[in-house]
Amino acid sequence: MTSQPSGRWRLSAREREALQLIASGMTPAQAAAEMGVGTSRVNDCVRFALVKLGSPERPGAVHRAYMLREISPPEHTNDGADLVLSGGQQEVLRGLAGGQDL
């Protein structure tokens, strides 16, 4: 496991949960229903996570959270089936293709 840079804040359990659900393609409203909280709470958790991860955009924060092992990356499949991306994953790819920073 990669050591963590000194001075970097760890994500709280709620921040990790919210970011993980958003990374899986859920909307903030869907994540809120899953977590049993209001949408504003999910948005706050994601906003705090962005600050802690040092990324102003969700795609970059999700990538950084994967690299720092704060959230679990998507499972890889090698079954040869057609790849289907969720709306959230498509948003991340559009952001990267549009030049957003990781």
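The legends below describe close-up views of a predicted model. Local features need pLDDT of at least 70 and side-chain atom pairs count only at pLDDT 80 or more, whereas totals for chains, interfaces and linings use all residues. Residues are numbered from 1 along each chain as its sequence is written, and side-chain values use heavy atoms, with hydrogens and water left out.

View 1. Glu15 lies in helix 1 (residues 13-23), helices being DSSP runs (H or I) of at least four residues, numbered from the N terminus. Glu15 is buried, with a relative accessible area of 5% (buried means under 20%, exposed over 50% and partly exposed in between, with a 1.4 Å probe and protein chains only). The side chains of Lys52 and Glu15 form a salt bridge at 2.8 Å, N to O (a side-chain nitrogen of Lys or Arg within 4 Å of a carboxyl oxygen of Asp or Glu). Because Lys52 lies in helix 3 (residues 39-53) and Glu15 in helix 1, this pair ties together parts that are 37 residues apart in sequence.

**View 2. The salt bridge between Glu70 and Arg10.** The side chains of Glu70 and Arg10 meet at 3.9 Å, N to O. Glu70 lies in the loop between helix 4 and helix 5 and Arg10 in the segment before helix 1, so the pair ties together parts that are 60 residues apart in sequence. Glu70 counts as buried at 5% relative accessibility, whereas Arg10 counts as partly exposed at 44%.

**View 3. Asp44 and Arg47 within helix 3.** Here the side chains of Asp44 and Arg47 meet in a salt bridge of 2.9 Å, N to O, and the two residues are three apart, about one turn of the helix.
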